[in-house]
Structures are given as C-alpha cells and as structure tokens.
Amino acid sequence: MTQRNGFRGWRWLVLWWHNFFILWGTIDCQTRYSIQEELKQGSVVGNLAKDLGLSLSEIFDRELSVASEAGKQHFTVDAGKGELVVNDRTDREALCGQSASCVLPLQVVIEDPLQLFRVEVEIQDINDNSPRFPSSDMILDISESTVIGAHFPLEVAVDQDVGVNSLKSYTLSKDECFSIRHKEVAGGRKVPELILSKPLDREKKAVHKLLLTALDGGNPVRSGTAQITIRVLDINDNIPAFEKALYKVAVAENAAEGALIVQTKASDSDEDQNGEIEYSFGAHTSEIVLSIFSIDPTSGTIFLKGKLDFEKDSNYELDVSAKDKGIPRMEGHCIVNVDILDVNDNAPEIILTSRPKPVSEDSANGTVVALISARDLDSGDNGKVNLQLPQKSNFALKPSFSQNYALVTNGVLDREKLSEYNVEITATDSGSPPLSSKKTIHVSITDVNDNSPVFTQSSYNVYLKENGVPGSILYSVSASDLDSGENAKISYSILDSKVQDVSVSSYVYINSDNGSIYSMHSFDYEKLKVFQIQVQAKDQGSPSLSSNATVHVFILDQNDNAPAVIYPSSAALGSLSHQRMPRSAKAGHLVTKVTAVDADSGHNAWISYRLAEATDASLFTVNQYTGEVRTKRAVSEQDDSSQRLLVEIKDDGEPVQSTTVTVSILLEDGLHEPILDLRHKLSEPSKKTGRITLYLILSLASVSVLSLVTFLILAVKCIRSSRSGSCCMRRSDCDDYKNPNRNLQIHLNTDGPIKYVEVLGGDMMSQSQSFRSCMSPMSEYSDFTLIKPSSTTDFREVISVLDASLPDSTWTFESQQPVSEDSANGTVVALISARDLDSGDNGKSSYNVYLKENGVPGSILYSVSASDLDSGENAKISYSILDSKVQDVSVSSYVYINSDNGSIYSMHSFDYEKLKVFQIQVQAKDQGSPSLSSNATVHVFILDQNDNAPAVIYPSSAALGSLSHQRMPRSAKAGHLVTKVTAVDADSGHNAWISYRLAEATDASLFTVNQYTGEVRTKRAVSEQDDSSQRLLVEIKDDGEPVQSTTVTVSILLEDGLHEPILDLRHKLSEPSKKTGRITLYLILSLASVSVLSLVTFLILAVKCIRSSRSGSCCMRRSDCDDYKNPNRNLQIQLNTDGPIKYVEVLGGDMMSQSQSFRSCMSPMSEYSDFTLIKPSSTTDFREVISVLDASLPDSTWTFESQQVS
C-alpha cells in the first residue's frame, strides 16, 4: 500500500514538472493565501477569479484548473463563484511536520490562450495536539529510609504542534513528600525530575500516586498526563493498630450461645511477619467476662460463650490485644463495649402501695380507694407499663407520677346490688410481644341508709272471725330493708286513723319488733264489717326512712244471732199471734205469713221455716223459704175451731240458731177470703163481660146495613187502638218471638280480690239480648225479671238470675228456646247448674289460686301442704296429681307437682281467653302399709291481663280492614245518628271496658262520638258550606294497663234528598198516628148520621173495647206506675262481704210486705233506662218495678227509689 502511494506521488511529480516546463513561458504572476489548518471541506480560501482578473464566464470557457505540487489535491475552484475552496483535510503536522513554516504551492492553468498562475497557500498551525508521554504509567520503588533531596528523572512528553503551541512546562499533583523541577538538555528540551521533599513512611503511606502533567503554550492550553506510582519499601517500625480504639456493639439478652458479637480488626502497616497479627483478651480480663465471651486469635472475632441477663448486667467492657510477629513484637489494644439489649422477658408487676379502704356507697366520683404503682424489670418500651380496668367499671385509675396511680370511684355504687367489688387491674407493657399481669383488689362498700323498708305486699287482706279472743294475733306483716346493720333494723308502728270515729289504736296494737298485729278486743260483724290499718315500717338509719302498707281487716260473720220475728207483729213483741180463717177455705189457702230476719250475713242469714207443732198437722203447712202458712187441705166440719201452730225459724249457720213463734188460728163461718191471687184474677176472663158481648152481638143483628158497616169500622179501630196502647208487652206475646241458640252463660270472673259476674256469648252485633225467666230455689216465684228495652227490634229480652248472696257459687246457664203457651207440664225451659267451692260440710277441702295469664312456664303456682299425725315412715307424705281432664286434655299437660314438698308448677303459660279456670285434684299419700291418702282440690283462676286490643265488628267493612262508607242527608239536624261503631275486646273486666273517641275529623265541629256507645251523631245541623265528603278516624281504647287501642276510619258522604234512615222506635210507637186520627174524625162524623139505636150500640161496643184492652196485659204500663204513691222507705244498696266474697244487699223498706216497687232511673251513659227489674207479687194487687243501670257500664252507681202501689 505504501509502495502504491509512493508511485502515485512520483507520477504527479513528473506530471507537474512537465506542465511547468510547458507553461513556464505563460506564468503571469504569483498569488498567496493564508489559512488555518483543519478547515472544513468547502471552506473558501480566496476569490481566485477576482485575484487573477478573470470573469466567471472565462473560468468556464477557458477551463480553469488547479494542480498541487504536493501531488494531493487539497484545494479546488468553485467554477460558479470563482472561489478557491478547501477540497481535503489540511493537517499542518501531516503536511509539514515540525517545520516552522508550512506553504502549499498551487498551479492554476487556463487555456485559450494557455496561461499558468502560481498560487501559494500558507497553512497556519492551530493548537490541535496535546503533549503526550511515551508511557501513561511510571513506577518507581523508593525506600522509606531515602534522604530528603534525592531526585529521580522522569520521561519527557512530546507535542506535535510548533511555536507557541509546542510543549512549554510540567506540573505535579500535590504531595507533601514530592515536588518537580525542569532540567533543560541539548536541543532546548525540558526534562522533568522528581525531588523527595519529606521522609517517606510506608506505614502511613506505602504507595504514592502522583499525576505528572505536560502543558503546551497554545490557547487554550492543551495538556498530557502520566501516572507515577511510587512504592515505598518497608522497614519494621510500626505497631499493630485497630480500626477503632473503641468498638460499641449491642446484643440482645436472649442471644444464643455461639452468636457473633463483633469482629475486631487490627492492621500493621508493616509487611510480611512484621504485619502478621494475633488477637487475645487483655491480661487483666475478669473471669466473668472470660466465662461469657471468647475471641478468635486469627480473625479477632468475639463470640458469645455464656448466657446474658440484662437485669443482672447491662454492659460489658472488653480489653482486646493485637500483637505482630516482628522482632521485637509490637502490641496494640482496643476496647470493645458490649451493651446488652433488653428483651421483653419480664411481665409487669402491680404493687399495692396502700391497702384499699371501705368506700361508702354514696361516695362522690373521684373518691380515692387505694394507691397503686406499677413496675417492669425490663427497660425502654419493654418497661413502659399501662394499667387498665374492665369496661363499664365503677372505678377508674388516676395517674399521679411515674407509674403511680390512684384507684378512684367512677360511677354510682349501690351496696344493695353489690356489697363488694373485685376490681381487676390489668398491667400491660409496651414490648413486642407485650406481656401482661393482673391483680384483683377487693373493695368493700359500706352501707348508707338509702333504701326504705319494703313490705312484702303493698296491702294485706286479713279475714277475722267476729267474737274473737282479745289479744289474739290478727296478722303479721313483714318488711325488709336492703340496707345492712342499723340501717336495716326495722320497727313497726300503726299510723293514727279513725274507725267509726274512734282511733284505730283502740282496736289493735302492733309488736314493733316483728310486725305482729294483735286485737285489743273482740269484733262484732254486725257493728263493724271492715276497717283498715295503716302500718308504718321505719328503719334505724340516719335519717330514718319509712314506708307504709295498708292492712284491710274483713270481719267474718259468725252465726251469733238467732232469727228475729218481725211479723206477725204481736209475735215479734212476745205475745201470741191470733189469726182468723173461714171454714170455707180450700187447700192452698194463705192463712198468714211469718217473717223473720237474721242480723247475721251470708249463710248465717239464710232463714228456713218449719212447722214444729200443730193442733192438726194435717191441716196446715209452712213454706220452708217464705214462711207462708197455708192449708194443706180443705177445712172440714170436724176440725177444731181453734188451731195452735208452733213455727220454728232456723238459720243456716253453724251452730244453727233458731227461734219459734206461736200462731193461734180461729176458724169462723161466713168469713170471706181477704187475700186473692192477683195473677189468677188478672188472667181470668170476665164472664160478665162475655155475656154483654153476646147481647151486643144479638142487638147488632137488627141494625140496618148502614149501622152494621159503621159498627165494623169502629170495631176494627177499637181493636187496633187497644193493641198499641201499652208501653210494655204482655208476657204471652213475648213467647211468640224467636230466640236463637245463643249459648249464653253467666260466668264468675275474678279481677284481683274482686269477683264479678259476666254474661258471655250472644249476638255481638246487637245490643238486644233475650233471657228467659228462671225460678229461684228459695221462692215459689221468680224473684226478679230484668227487662232491657230494645231500640232496634220489637221484642224484649228478659233474664232472671239466682240470689247473689250465695257465696262462691258458680252459675252456668244454657240457652233455651221460647216455650209455647200450650206446652205440657215438664217441658224443659233452661238448664241451670250450681257449684259450691266451700269445704267441710259445705264442700271439699280446697285451695284457691289466682294466676296471671301469660306467665313464665315453670313458675310455681302454689304449694299445698298436708300433715300426718303418725310418725316415721307412716308420716312421710308424697304428693301427686290425680288425672283429670281440662278442656279434654290431661291436667298433667298443664301442671306438675313436686312429690316431696307439694309445690305445683306450671308447664306452660296460660291464656285467659282460652282457659279461665280449672281445678287440680291433689292427693297426699303416706308411706305406711297400707298407705293412706286424702285429696284436696286446687281451683286455679286465670287472671286476665290486657293482652288483646279492641276488635271492630261494626261497621263490618271496617272490621275487615277496608274503609267504611256511610251516607247522610244534608238536611240532618243536630243529634242525627249517622252510624254506630261497635267493638269487642277479648279480655275481661276492666281490660274489656271499651271507650270511643273521635281522634281526627275533616270537620271536628260537625260530628261527635259517644264515649261509651260508639254512636256517631251530628253536633250541629249540616250547612251548605260543609264538604260533601267527611272522613272520621275513631279511636277505640280499652281500660286496661297498658292501654290497647285500635282505630277505624269512617267515610261519610253528604247527599241532598236522602231521607233519614233511622227513626226512634219508641217515639214511633208512642206517637199517635195522624192518619188514624183523621179516620176517627171521619167515623165520628159518619156516626152522627146513624140512628139513636146505632149510636147506643156503638157506645156500648166502645166501652167494651176499652175495658178489654186494659185488662189483657201481664205487666203494667209505665204510665200507670207513675200514679202510685211513693212512701219514704229509705232503701239503700250496701256492699257486704262474706269471707273473700263481696255481694250487694238491698236494705230497708217495708219488712211487712214481700212486695216492693222501685222507680226507673236513667243511666248517665244512655238516653234510656238500660234495665227494668220486675218482681211479681202474690199477695197484693200491685206491681213492683225496679230499673237499674246496664251492668256492663263501668263504675255505675245505682239509685233506687221505692214506690207504693195503691
């Protein structure tokens, strides 16, 4: 390649000399240009055409060309511009080397004519080359014992540039031991020399690295560098040195044996054996450290040899020695400080600084109970302790200083609920994982008098037999106080009150210690039937607290009064009673009536009469219950004219009390019967009237056709008026009405201590109920007949009940059908049963248990107890329940009994609406052989709770849940009956008493709802401004606790032209017919034209018609009753008690007569009398009428006024 280039160079050189000689004669001038080296290709050197005096066209036409004497074409001519431009790289160093001047000659040749121009281009140097050392790394070995001032020559750098751009100087990097100087040699070259300025220490610096820099004179200055490595040769002059004089390391106290603690490292600047190091602990290291730590002699690594315990020693300081193997041996030391890191291996501890003091239950919040401190043997977070109490604690922790706390109260303390608190405190540290411990502090609560004594009952019922022994115990009340100590000591006293205007302390006194109440004297039921005692229980606290309880003392009647005769009056005064009787008297003739009263009550006051002795016992009989003395047969001529009767009068008490009365009867001829059977005479048709009717009919046959027609018209009128003239119906008419089977029952219910009677069943949609009259077993006739008028039907409803003075009687009524008037004797009218719950002679041994419905299954109902006079096994008693049925289910499905103690438990809760009462037969059997047993009856009465809301049954649409729509005329006046809301409540007693209220209304001023009947009436007349659509929301509530309610919405549409659909039936019945009046007027005018005979006949028939209409009814009209005289008979209703039974007695009146008449009274809840009670009389010619309020109305007060019928 080099030969090839050389050949080309020679060829150009030959060509150049050839052209030179050819064109020598044509050279006109010489042009010189100066440029810097390394211009880019295309850079302009100069305007050759201009400098040569040529135009651009001449350059092209004459074919100007440029040739280089060097042979390489570095330049060319731009023919378009006539400029000489750089064609190739112009590197001065490559073209001219180290020559100071560098000129490139050029030949410019043009033809036609041929001309040659010489052009020189001077290449100016630029600083484009840096000084360069022959070797970039220089190594020098110098002993550390070399003296200062020694110099060492270095290599010279070379720079290709010339002139100012050539090498000018050398510099050396900073080093305290070395410096540089320049030494000039032949040819003007500068040679650098390294000078030792300071002694060398290999242990301090074994190698020195210097940077030698060569600088030229260009601008900018260019440089070249070389690395000088100076190795310092060693001598044994250094001791081993540790990297650290003090090593600090932390190790967890639970580190395992053999664990690496730290690696110490010492170095010796010397080399070879002078630098080899051996490690060990210092000579004075303790045995404890040597037993825990070990060191590797080669590596200097320290290992754990034993076990660490931060709580014993938290820091160790180790002396470590490092020796080299030089001569002499050099030794270095370091200290290793080992800090033991705490590990959470100790649970916190709770320390009770002070013993807890008892705290009063009324202490304020923040009261200090005890002082507590906490500590943890660990450190840092592991030793930080947090104390906590359970949530909702009545205590709190109040921090004081540095892990010290005060346990204080933080809530209401109640000793009666909890007399001692076990306060559990939990201490937890902040370690990971955290450790905790617990400590329980017992805090006693001291009592304060904050509870009043509480009686076992708020009221007590005590039943005390009259004529008791003075000083005997009546009852023992008991109260308890939840407090303790003196605060719980109770003393009893009787609060002062009046009993019959006398202080109660005159009747009883109480033992202040045990609450036993004693009588001061015996009681007389006839003087005092009931009284109450206010007992106060007071504790001994300060201040003392007290509570009261009421003791109701019911005096039970004893049969201590014999019957007293009040008629005949002469016998009542102790003399003989004389009576007269006609010999013509037939069987059943009423001779007289013996009447007696008994000051006792209940059974003790039931009086029976008996004929003890008689002149002729076959002639007379005495009614056992009424005392009526009647003839058993007709009087004969053989009977003595003077008869003497001894009538014995006994009560029904125990023991029986009796008295006698002697009646002397004189039989006389021609004496008329003074007493007639009123009912027989009223019902017997008049024979005389019948004959007159016959005569009138015969007379009418002879009257003309006109008279006959007139008579028929008047007869029809008379019959119509006679049927509509009475205000009450005849009993015979009542029999024609149908009586559906309504399954009516009278049921004895209980509401707490009160027993009352309910009539169950019947048609709930109607306010009318019909009951047939039943006979009392004490009388030949019905005692009372209750008549309740009906506003919706034409029939009456009648019920007759048994004597309410029968204690503990359960009455059952079964429905009855109306009895036809031609029914044969013995036709069943009604079925009645009676049950007596008394014991002994009055019944069986029994218990009464009152149980609220919806009770908890498994709760105790009652505990029966039996005793056996035997001993040992013969006296051991086991209890069992005899199998019986309750609603066709075995009684064992309802209750079970503890065979050991006789406690009876419920199997499930009871529902009063499904089961009101049932009985359990309990048998007590001993363990003898043969075993003996006896039975007792437990009557369980389910007490009603208010668990049923009222149910709407009318309007029926509302009862089914839809809206009730009603229509009403706009012409309706105030009081117009719009509709009636009817609801029933499945509960009983107070819980079933329903009241109605208008809760919301479109216009509240237009309508009102009767509270008790549910009648919706207008309050005012409807006006034109009233909306045609009215909406009422009626709320129906019962009287229970809590109150149950329901609502019904009634929509009322006001319409024009709508007639009122509801009329007052009684008003229509009593209002005389205008049309009938007009007919009567026409008949009277027609009669005026009839003959005298026809007029007389009409008058006779009219009289007959009126008489027959007045005598055809079995009961009197109310208008007739108003004419009777009313003597002041001072009648009153009194509430009596016979043991647990309360009943009503009517006292006062004329005791000489069995006939009493009572005026009708209006109920405040209704426009009309609810009931009329009629008691027939067999001895007088008048009726007895009584009217009472509806028994279903709550808390009604009955007022009776007596009246005498003339």
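Where is the place of Pro-113? I looked this up at the outset and found Pro-113 in the loop between strand 6 (103–110) and strand 7 (115–124). I note that the model I am reading is predicted.

**Entry 1: cis peptide bonds**

The peptide bond from Asp-112 to Pro-113 is cis, with omega near -10°. I then turned to Pro-955, where a cis peptide bond joins Tyr-954 and Pro-955 with omega about 0°. I located Pro-955 in the loop between strand 67 (951–954) and helix 11 (956–959).

**Entry 2: positive phi**

I looked up Glu-38, which is not a glycine and yet has a positive phi of about 70°. Glu-38 belongs to the loop between strand 1 (27–36) and strand 2 (44–46). I recorded its relative accessible area as 28%, so Glu-38 is partly exposed.

I then looked up Asp-501, again not a glycine, and found a positive phi of about 65°. Its loop runs between strand 37 (498–499) and strand 38 (502–503).

**Entry 3: the surroundings of Asn-449**

I found Asn-449 in the loop between strand 31 (436–446) and strand 32 (454–455). With a relative accessible area of 13%, Asn-449 is buried. I listed its contacts, leaving aside neighbours within four places in sequence; among them are Asp-481, Asp-483, Asn-487, Asp-539 and Gly-541.

Which side chain joins that of Asn-449 in a polar contact of 3.0 Å? I identified the side chain of Asp-539. I also noted that the side chain of Asn-449 reaches the backbone oxygen of Pro-543 at 2.8 Å. Asn-449 and Pro-543 are 94 residues apart along the chain, and their C-alpha atoms are separated by 7.3 Å.

**Entry 4: aromatic rings**

I recorded 18 aromatic pairs in the structure. One of the pairs, Tyr-509 with Tyr-518, is stacked, at 5.3 Å centre to centre and 20° between the planes. Tyr-509 is partly exposed, with a relative accessible area of 39%.

I next examined Tyr-847 and Tyr-862, whose aromatic pair is tilted, with 5.5 Å from centre to centre and 55° between the planes. Why does this pair tie together parts that are 15 residues apart in sequence? Tyr-847 lies in strand 58 (residues 846–852) and Tyr-862 in strand 59 (residues 860–863), so the pair links those parts. I noted Tyr-847 as partly exposed at 21% relative accessibility, and Tyr-862 as partly exposed with a relative accessible area of 30%.

I also found one aromatic cluster formed by Phe-455, Tyr-460, Tyr-475 and Tyr-492.

**Entry 5: lysines over rings**

I looked up Lys-529 and found its charged end over the ring of Tyr-525, 4.9 Å from the ring centre. I then looked up Lys-916, which lies over the face of Tyr-912 at 4.9 Å from the ring centre.

I traced an open sheet of 3 strands in the order 69-73-72, with antiparallel pairing. Which strands are at the edges? I noted strand 69 (977–980) and strand 72 (1007–1009), each of which pairs on one side only. Neighbouring strands of this sheet are turned by 20° against each other on average, direction ignored.

I followed the pairing of strand 69 with strand 73 (residues 1015–1018), which is antiparallel over 3 bridges. Lys-980 has Glu-1015 in strand 73 as its bridge partner.

Key:
Residues numbered from 1 in each chain as written. Predicted model: local features only at pLDDT ≥ 70, side-chain atom pairs only at ≥ 80, totals over all residues. Heavy atoms only, no water. Phe/Tyr/Trp six-rings, centres within 6.5 Å; stacked < 30°, edge-to-face > 60°. Buried < 20%, exposed > 50% of the residue type's maximum accessible area, 1.4 Å probe, protein only. Helix = DSSP H or I, 4+ residues; strand = E, 2+ residues; numbered from the N terminus. Lys NZ or Arg CZ within 6 Å of the ring centre and 35° of its normal. Pairing = 2+ DSSP bridges. Axes fitted to C-alpha atoms, helices over the stretch in contact; angles between N-to-C directions. Contact = heavy atoms within 4.5 Å. Polar contact = N/O pair within 3.5 Å; in protein donor to acceptor, adjacent residues only side chain to side chain.
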